[in-house]
Amino acid sequence: MLTPGGAASRAWRQLQQALVGCWRDPAATAEQAARYRGRQYHAVLRQLPMSSSGNAVTALALCAIFWNKADHGVLLGLTLAIWILAAINFGLWQQRKPMAASTPVSIRTLRAFALLIAAAAACFAAMGGYLFGVADSGERLLLTAVLAAFIAMGSWMCACLPLAGIAWGLTMCTGVAIIFATRHELVYTYLLGLLGVYTVVVVATVLVSARVFLAGLKAETEIEQQKQLVGLLLNDFEANASDWLWETDRQACLRHVSVRLAEAMGVAPAALQGRSLLDLLASMHPLLTNDQAEMLAGLAACLAQDAPFRDLVVPAQVAGQPQWWSLTAKPLRDAAGLHQGWRGVGSNITAVRQRELEMQRLAHVDTLTGLANRHQFGQRLAGYFAPGQAVTPCSLLLLDLDNFKTVNDSLGHAVGDQLLQEVARRLSAQVAADALLARLGGDEFALIVPGRLSRGQAERYGAQLQAALAQPWRVDNHSIEVHASIGVGFAPTDAGSAEQLLKVSDMALYAAKAAGRHTLRFFDPAMDVRARHKLGLLSDLGLALQRGEFVLHYQPQMELASGALLGFEALVRWQHPVRGLVSPLEFISLAEESGLIVPLGAWVMRQACLDAMHWPAHLRVAVNLSAVQFGNADVLHTLQDALQHSGLACERLELEITESTLMRDSQAALQVLHALRSQGVRVALDDFGTGYSSLSYLRNFPLDKLKIDRSFVSLMDSPAGDSSAVAIVQAIIQLAQALQLETTAEGVETLAQRETLRRIGCLQAQGYLIAKPMDALQTRSFIAGWLVAPPPGLVA
């Protein structure tokens, strides 16, 4: 709580700060303070001729009025003193007149000037006091009015310099107070009291006026500093920026031509001054094209509309070279708001325009290989199937590189791009001039050959292409053999439209790949039958859920250190009533392509949670989540529904996702994973090391476990295996340990693999060594048997 003494001290400090603010700027530097004093001094001296003249004339008038009543010697002495001081003031004004208003002034000079002002006030007060003694009542009234006027006028005229203003006011008021105090009439006692109030008002007025004047000086200084900063920025812009400033008058004639603008136009600045901007641009072109004329007309319209415009492209030509400029400007207005011209920025965008033209050219070309792209391919192929006309015979060969993904994954995308360029070069050397070779995307190429080739010709053509690719290609000490599968379709024999020809050729390509790759296949109607078979399988897949044809099998996971049973991975199986047991490799991809994986995945998750409720409470169940499921908006709802329906605790459910799932939409995946983890569900990264294996995903995504792919585990004790397999697995384990993630090795089939994994720090194992996948009833029996007596050799 603030005490009375503290409040008084605080009020006194605030008063001191206020008074100091009237005298000077506490935040100003010594140089700024000296300039402020110069401005204050200059403002007062500027009024000295008028005030000094007024003082002299007033003294002379009083001398004439009281000449017959006063002692001539005294009267002339006081008048002469006032005239001398007026002359000194006039001399100070003459001395200061040629100087700049902000010429610095010392504190000593201000004090000397204040003494001069006080001396002038003392002379006036002395003269008034002397004349008061010889004047009658009417004359005393005149003298009182004159003295009061001089107090106010002198203080106000010196208010810019508070030391001088207060010196004048206090000196005059003191003199008048002495005059009133020596009078014995009661009225002078009253006047003396009023004079005290008047003195306070005069001093306060001087201080307030001084504070306002000083605030104005500070504001002017800030504005000047801002102007200097803007000037520096503009100068720097002119000196270093690639753009240039331009300005015109109301007639769009250039003024204040910048050096940059002159350099852009290739002429001297003086040659541009006063020239019409539109005429200059038009004169650059010997003959304006329609597009150029239209652009200049657009600039003329903008200049006539008196409104800002931005990024207006206009043509130019400098040193015979065509250029393109972009202009941006705002109208200039005077204080009355009337339009006075334009000011803006221009830039040379020739390089940008050239890139745009190049992009238009590249719209028909594959940028990597230089071949025709899919767009040009589609246009050329459609030309053989003109509407309302007979189909023009042609042959379409689709080529797909057999081992490109291996090269791309093992040696990197840069090498993969070089390989595609080499393939394009080799294929182009084998293609006739009237044929079109295109890259459709990835490692897929297409060749349109005019005319109907025979099967023999097509085979020889395909063999020629394959032979050109078969020659080993060396890069970075690697010898790469490139093979291609080729699918061939003919028009109009196989197809009556461009879309149909592309479809049948793609079927033939698919058949070539299925036949072992590095082969050529022609379209056969049987391929369409197989495609329909696939369609039928897809149709059966849609009904399989309704018929209850799917079952879940479970494969156990154990802790390597203790041999404890940790849980099971749920694996879906399809028992087709006619086709028998359909491999997941066949129907899972179909389900993902069709979107049926979403309801199938929901059923798997719900059934797995229900089955897990029949296990001991410490056992978890792991469910695979495909990329399609993970990207579905209802994945969280599906999870919650399965948990609520089964009553399974969240921490007993583990979801397995692949690296490719995270690659689809990393930001959305991150949100989903955080939502899963917030509910207590565990997340494992499946088949780690076989996909993209980006360390940034491990660091950024909330994971609980890495599952080491069986391809690494199987090589650890294989005589023909990779000697680095153990090192790779150990590196994955150490990485997981550093990130505080669990590790599970898949495909563990031998005791040697188990021992190696345990020795290098792997925490968990899954594979045939422990048990093959089992149905739900077999799984319960397995759990019961494990708890009673674990299999020999598995428990440490």
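User: By class, how many nonpolar, polar and charged residues does the lining of the largest pocket have?

Analyst: This is a predicted model, and its largest pocket is lined by 37 residues. Sorted by class, that lining has 15 nonpolar, 12 polar and 10 charged residues.

User: Which residues of the lining lie nearest the centre of the largest pocket?

Analyst: The largest pocket has a volume of about 1,100 Å³. Strands and helices that each supply at least two residues of its lining include β13 (565–576), α20 (584–594) and β15 (620–624). Nearest the pocket's centre lie Glu569, Leu571, Pro584, Ile588 and Asn624.

User: What are the edge strands of the open sheet of 4 strands?

Analyst: The strands of this open sheet are ordered β1-β4-β3-β2, and their pairing is antiparallel. An edge strand here pairs on one side only, which holds for β1 (244–248) and β2 (309–318).

User: Which residue in β4 is the bridge partner of leucine 245?

Analyst: Strand β1 runs antiparallel to β4 (residues 339–348), and 5 bridges join the two. Leucine 245 has its bridge partner in β4, and that partner is valine 345.

User: At about what angle does helix α12 run to β2?

Analyst: Within the sheet, neighbouring strands are turned against each other by 30° on average, direction ignored. Helix α12 (residues 290–305) lies across three of these strands, namely β2, β3 (321–333) and β4. Relative to β2, helix α12 runs at about 135°.

Notes
Residues are numbered from 1 along each chain as its sequence is written. This is a predicted model: local features need pLDDT of at least 70, side-chain atom pairs count only at pLDDT 80 or more; totals for chains, interfaces and linings use all residues. Side-chain values use heavy atoms; hydrogens and water are left out. Two strands pair if DSSP finds at least two bridges between them. Axes are lines fitted to C-alpha atoms, for helices over the stretch in contact, and angles run from 0 to 180 degrees between N-to-C directions. Contact means heavy atoms within 4.5 Å. On a 1 Å grid over the protein atoms alone, a cavity is a set of points where a 1.4 Å probe fits but cannot get out, and a pocket is an open set with protein on both sides within 12 Å along at least five of seven lines; lining residues have an atom within 4 Å of a point. Grid points are joined across faces, edges and corners, and a volume is the space filled by probe spheres set on the points. Ala, Val, Leu, Ile, Met, Phe, Trp, Tyr, Cys and Pro count as nonpolar, Asp, Glu, Lys and Arg as charged, and the others, Gly among them, as polar.
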